[in-house]
Amino acid sequence: MSGADASPGYRVAVRALCEFTARRGDLDHRFTPAPSAREGIEGHARVTARRGEGYEAELPLVGHREGLTVAGRADGFDPAANRLEEIKTHRGSLARMADNQRALHWAQVEVYGALLCAERGLSRLILALVYLDIASGRETVLTREATAAELEAVFARHCRDFLAWAEQEAGHRRRRDAALAGLAFPHAAFRPGQRQLAEDAYRAAATGRCLLVEAPTGIGKTLGALYPTLAAMPRQGLDRLAFLTMKTPGRRLALDALAALGAAEDEARLPLRVLELVARDKACEHPDRACHGEACPLAEGFYDRLPAARRAAVARGWLDRASLREVALDHRICPYYLGQELARWCDVLVGDVNHYFDASALIHGLARADGTRLGLLVDEAHNLVERARGMYSAELDQRRLNRLRQAAPPALSRPLGRLARRWQALLREADERDWQALDAVPRGLLGALQQAVSAVTDYLGEHPAGGEAALQEFLFEALAFTRLAEAFGEHSLCELRRPGRGRAVLALRNLVPADFLAPRFATAHSAVLFSATLSPPAYHRDLLGLPGDSVARRVAAPFAAEQLEVRLRTDISTRLRDREASLAPIVAELADQYRRRPGHYLAFFSSFAYLEAALARLREAWPAIPVRAQHRGMDESEREAFLAGFDPGGAGIAFAVLGGAFAEGIDLPGERLVGAFVATLGLPPFDPLNEALKARLQARFGRGDDYAYRVPGMIKVVQAAGRVIRGPEDRGVVVLMDDRFARRENRALLPDWWRLDA
């Protein structure tokens, strides 16, 4: 829904109107896997194709009642039968559909019926809910007959129930836009480089384009992107702004910047609704209980208490994780699902990139459903390629299937057994290499998997309190795999790994996320992607599917070359075959630098094995130098303790893995970090998967080696080195150790303000 129009004339979609006014009772999220968007579209097409001549599909309808403009597309109308249809796709038994969901469906077809009767002068109408089982293709049809007068009364009631909210929303929009039109920068002056970023970001919002900005750490990128985009909202008619981050600390930075702009809670705060979106497992108050009214007290009566909670939340305006939780618990409803509801009514959404770019992303779904004019800001955007590849990849594990078969109930023995036999057939037909790329997704196994999905879905629907966590986990994975299999193409690879007997893994690996992300960028009005490492721009444009008119900018670093000593040790090879020989010169370099200038250092290596070998050698040769190291599987408290060790006035060398938790996104200004060593070129391993990736990228973009190896490797190097200089007063040293740093093509990817000393 767009809030751009003041009442009268406030516009709302039929679905949004009904979701607001028609739901009652419990929240019920017992496991009911819904069809994918593609399955839903195909299901609608299957139903309409069965109808006779003269059937009208996707019928646009609009009406004006109670100061509202209500519009939408009815799924289908059969003039001969005088029957209006609302088509829904489903999996498994309809008996497990929640009552509030069925009530929503009836409300939608009733509103469409009222609009149709008014438009065509009909006196009565048959209303039909058509439920298509996507597995069997069977239709279940529920019908009612209603007069135009009855439908008009129902429609008028929905409009009255919504009108007060619509008037409130229109008033909020006017106040918000007036405040943003006069929004002041919160500091006396911009930092060096920050004004250029702000001007470019404003221009992107004004022209509705996508902007790639490479800007160095320390200029205030978060505020430099947020401030101009907020200022552009009233002038460009933006309904909503989404600030998307890769990690939790990025969300905190965005919220801090919004607080600096005046959006946080106080009497004189900016009339701007800010919502922090949190993952379900982090927001759940009762993780040991099922998500429905019979099990969870925060799900019971959720929709009955939602209106009051919604009013309280929008009145509060500042809804970070703690504030949202407080409002939800005050009204005894689930914080996570209150946040999902409020995403429609807030101006700025701060959350993980998954909330927009994932296949079932909330923010993208809202933008598509209600025509939101959306501005996107993506922080640490150099990570989006790999994050998106993960979003559009899935795998099946033979061992997990075998364990599931052993513990599964008898009702599932046949479909799971059929799937296991298909696994065995696939392994017999394939060769015995440890890794291979298949030409296509194995159809026999995919068919057995789809049958297993249907059987497990039905079983979980019939046993909602059965506590079958392993079955649900299998079902999530299987559904993800089958949905990606439907979209399989040159953007992805089907791989079969055989690390040992009975341990095979079949995976769909996304190689080029552009094909999935391009529609996401097209949906947004504008997008600003920013990071300290976005070179070369063509790499990100190609792999992210950015629009053809996207603009790339590089903000000049505000640092002087004298602040950072950069040394190259091109006499050292860190290749796998040379690892043992490299340890002595690497350790000598670390010790020499530490003795010249004691302080805190980070030393980055390509793997834990390499790290541990160098650490042992340094301890043996220089036991007086304080050392500590990152280890595998560190939890959040261990990571915080590791960072706390960089205390001002202290000294030592901390060993870490390049590309890991301490190679980017951490801030250690001043004496907390005086130098970094990078003992690798950062290249991904030369394994069969990466070689297949290289071949695919070469065929599509003509840049296979660059896009598969060199660019992602050097991004990691620059990110790690970027931990050293964080502000205008910092001084430090970076030592890059690998003979390949002597190559021109690798040096070209290093920051242009560095002065390289061989």
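Start with helix H13 (residues 362-370), where Leu-362, Ile-363, His-364, Leu-366, Ala-367 and Asp-370 are buried. Buried means under 20% relative accessible area, exposed means over 50%, and partly exposed lies in between (1.4 Å probe, protein chains only). Helices (H or I, at least four residues) and strands (E, at least two) are DSSP runs, numbered from the N terminus.

This is a predicted model: local features need pLDDT of at least 70, side-chain atom pairs count only at pLDDT 80 or more, and totals for chains, interfaces and linings use all residues. Residues are numbered from 1 along each chain as its sequence is written, and side-chain values use heavy atoms, with hydrogens and water left out.

What do the buried residues of H13 pack against? Their partners are strand E8 (240-245), helix H11 (335-342), E11, helix H12 (354-357), strand E12 (374-378) and helix H19 (514-523). Contact here means heavy atoms within 4.5 Å. Just after H13, Gly-371 takes a positive phi of about 65°.

Now turn to the sheet. Strands of a sheet pair through backbone hydrogen bonds, either parallel or antiparallel. Here, eight strands form an open sheet with parallel pairing, in the order E10-E9-E11-E8-E12-E17-E7-E18. Two strands pair if DSSP finds at least two bridges between them. Strand E10 (318-319) and strand E18 (551-554) are the edge strands, and each pairs on one side only. Strand E9 (residues 274-276) pairs with strand E11 (residues 348-352) in the parallel sense, over three bridges. Leu-275 stands opposite Leu-349 in E11.

H19 also meets another helix. The axes of H19 and helix H20 (residues 537-544) come within 7 Å and cross at roughly 90°. Ala-514, Leu-517, Ala-518 and Phe-521 of H19 make the contact with Asp-542, Leu-543 and Leu-544 of H20. Six of the contact residues are nonpolar, none is polar and one is charged.

Next comes Gln-719, in helix H25 (residues 704-721). Gln-719 is buried, with a relative accessible area of 2%. Leaving out residues up to four places away in sequence, Gln-719 touches Glu-380, His-382, Ser-531, Ala-532, Thr-533, Ala-663 and Glu-664.

Finally, the cysteines. A disulfide is a pair of cysteine sulfur atoms within 2.5 Å. By this rule the count is zero. For Cys-284, the nearest cysteine sulfur is that of Cys-334, 6.3 Å away. Cys-284 is partly exposed, at 33% relative accessibility. Cys-291 is buried, with a relative accessible area of 15%.

How values were computed
Axes fitted to C-alpha atoms, helices over the stretch in contact; angles between N-to-C directions. Nonpolar A, V, L, I, M, F, W, Y, C, P; charged D, E, K, R; others polar.
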